[in-house]
Amino acid sequence: MKQCQLTIPGVVYAGPGSVEKINEVLQREKAQSVLLFTDKAVRGAGLTKRVEEICSAVKLTVIDDLASEPSYQDVERVIDEVSVANIDLVIGVGGGSVMDAAKLASIVIGADYGVRDLLKDPTIAKKYIKSLMIPTTCGTGSEATCNSIVAIPEEQSKQGIVNNCMIPDYVILDAEMIRHLPPKVLAATGVDALAHVVECFTSNKATILSDTYAIEGAKKIFHNIREAYADGDNMDAKTEMLIGAFYGGVAITGSGTTAVHALSYPLGGKYHIAHGVSNAILIAHVMEFNKDACTERLSALCDAVYPEKYAETADSKADYIISEIKDVVAKVHIPTKLDEFGVKKEDLDFLVKAGSQQTRLLVNNCKELSLDDIRYLYEKLF
Ligand SMILES: NC(=O)c1ccc[n+]([C@@H]2O[C@H](COP(=O)([O-])OP(=O)(O)OC[C@H]3O[C@@H](n4cnc5c(N)ncnc54)[C@H](O)[C@@H]3O)[C@@H](O)[C@H]2O)c1
Ligand SMILES: [Zn+2]
C-alpha cells in the first residue's frame with residue numbers, strides 16, 4: 001500500500017436542525033465577532049435567517065453581494081470591503097461560490113498577501129480565522145476541501161487555489177438547506193458531485209483512503225440524484241445527496257479530479273456555463289475516452305454501486321456505469337451540446353489551448369491527453 005493522506009474538517013455536524021449547532025461552535029471558539037458570507041439568492045430564500053438570529057448574540061457582519069462563480073477580483077473586492085478587525089469566525093452559507101470565497105477570506109484577512117498572490121503561489125497561505133461551512137447546494141463538496149476555485153477573466157478560465165490550511169474547521173450538513181433548492185441547481189450541483197466521486201475513483205492519485213469516500217459517495221449519488229430531482233419533497237434522497245457531495249469533497253482531498261474538471265474550466269471561465277453543467281456535458285465523453293485505461297476501476301465502481309451486475313464482465317460493468325452516468329444527466333435534463341450554450345465551433349482552438357493548460361488536473365487523468373485528444377473530446381460536444 002502506498003502512503004496516502006486525507007485532509008478532513010475538524011468537526012462535522014449532520015442531520016435535520018443541525019444548523020442550531022452554530023451555538024456550540026460560537027461557544028467552542030469563544031467567538032465575539034463573526035463574518036458571514038452568503039449571496040442574495042440564498043439569503044432571500046431565508047437560509048441565513050436562523051444563522052443570523054443565532055449570531056445576533058455576537059457582532060455579526062454579513063456579506064451577501066457575492067457574484068456566482070466569482071472572479072479573483074470579485075473575491076478580493078468583497079474581502080477588501082471588510083473593515084472589521086478581530087474576526088473570530090468566518091461562516092459560509094451557500095453553494096461552492098460562497099464557500100470558496102469564505103474559505104479564501106479565512107486565509108487572506110489579516111495576511112500580507114492577497115488572492116492574486118495565492119494564484120501565483122498558494123503555498124504562502126496560512127489560516128488566520130477559523131471557518132464554518134454550511135452548504136446550500138449538493139455538489140461542490142467545498143465544505144470538505146482545501147480548494148477555492150476562482151475565475152480568471154483575463155484568461156477566460158478558472159483556477160483552483162489549493163492549500164491544506166483552507167480546510168474548514170466546522171461543517172454543518174443540514175438537508176433543510178436544500179429542501180427548496182431549485183431543481184436546475186440541484187441537477188447541476190448533483191452531477192458535479194457525481195463527477196467528483198467518479199473522477200476521484202479513476203484518478204491516478206486515487207488511494208485506499210480516497211476510494212472509501214468516493215465509493216460511499218457514489219452509492220449515495222447514483223441511487224438518489226434522479227429521485228431528489230424528480231421529487232423535491234423527497235428529503236431522504238436530498239439528505240443522501242448532501243452527504244454524498246460531502247464525501248466527494250473528502251475524496252478530492254486524498255485523490256483529485258481529472259480531465260472532466262480540467263476541460264470544464266474554460267467552459268465556465270469564457271462562456272459562464274455553470275460548473276456542474278459543464279462537467280455534465282463532459283463526463284460521459286471523458287469516461288468513454290478513458291475506459292480502456294480504467295476498465296477495472298469503472299468495473300469496481302459498478303460492483304460497489306450496482307452489485308446485482310456481479311456476474312458480468314469487467315468491460316460490460318464499465319459500460320454500465322457510463323450508461324448510468326448518461327442516464328443521470330438525461331433524467332435531470334441537462335443539455336449536453338455546446339451550441340445550446342452559444343459556443344461555436346470556431347472557439348475550438350481557444351478551448352483546446354485553455355483546456356490543455358489545466359495541468360494540475362490533467363496529470364491526474366488515468367490516460368494522458370494529447371492536444372489532439374483534447375480537441376477530439378471538445379469536438380464531441382458539438
Ligand atoms: N472548492 C471546491 O472544492 C470546489 C469544488 C467544485 C466546484 N467549486 C466551485 O464552486 C462554484 C459552484 O458552486 P455551486 O455549484 O454550489 O453553485 P453556486 O454556489 O454558484 O450556486 C448556484 C446558484 O444557486 C443559488 N443557490 C444556492 N443554494 C440555493 C438554495 N438552497 N436555494 C436557492 N438558491 C440557491 C445561488 O445563489 C446561485 O445563484 C464554482 O465556482 C466551482 O468552480 C469548488
Ligand atoms: Zn466540481
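Q: Which residues does the UniProt annotation "domain: Alcohol dehydrogenase iron-type/glycerol dehydrogenase GldA" cover?
A: Residues 9-174, according to the UniProt record, which is an unreviewed entry. Keep in mind that the structure here is a predicted model.

Q: What's the helix and strand content over 9-174?
A: That stretch is 30% helix and 25% strand. Its end C-alpha atoms lie 16 Å apart.

Q: And what does UniProt put on 187-381?
A: The unreviewed entry labels those residues "domain: Fe-containing alcohol dehydrogenase-like C-terminal".

Q: Switching to the domain assignment: what are the bounds?
A: Domain 1 runs over 11-178 and domain 2 over 183-379. In the contact, domain 1 takes part with 28 residues and domain 2 with 30 residues.

Q: How far apart are the centres of domain 1 and domain 2?
A: 25 Å, taken over C-alpha atoms.

Q: How much area do domain 1 and domain 2 bury between them?
A: About 2,200 Å², with 66% of it on carbon and sulfur atoms.

Q: How many salt bridges and polar contacts go across?
A: Between domain 1 and domain 2 the salt bridge count is zero. Seven residue pairs are in polar contact across the two domains, both residues at pLDDT 80 or more.

Q: Which strands supply residues on the domain 1 side?
A: Strand 1 (11-14), strand 6 (147-152), strand 7 (157-162) and strand 8 (170-173) each supply at least two residues to the side that touches domain 2. Strand 7 gives the most, with four residues.

Q: How do the residues on that side of domain 1 divide by type?
A: Into 13 nonpolar, nine polar and six charged.

Q: Back to salt bridges. How many does the model have?
A: The count comes to 27. One of them joins the side chains of Arg-297 and Asp-211, at 2.7 Å from N to O.

Q: Where do Arg-297 and Asp-211 sit in the chain?
A: Arg-297 is in helix 11 (residues 275-305) and Asp-211 is in helix 8 (residues 208-230).

Note on methods:
Residues numbered from 1 in each chain as written. Chains lettered and ligands numbered in written order. Predicted model: local features only at pLDDT ≥ 70, side-chain atom pairs only at ≥ 80, totals over all residues. Heavy atoms only, no water. Domains from an automatic or database assignment. Contact = heavy atoms within 4.5 Å. Buried area = accessible area lost by both parts, 1.4 Å probe. Salt bridge = Lys/Arg side-chain N within 4 Å of Asp/Glu carboxyl O. Polar contact = N/O pair within 3.5 Å; in protein donor to acceptor, adjacent residues only side chain to side chain. Nonpolar A, V, L, I, M, F, W, Y, C, P; charged D, E, K, R; others polar. UniProt positions renumbered as here; feature names shortened; annotations may be inferred.
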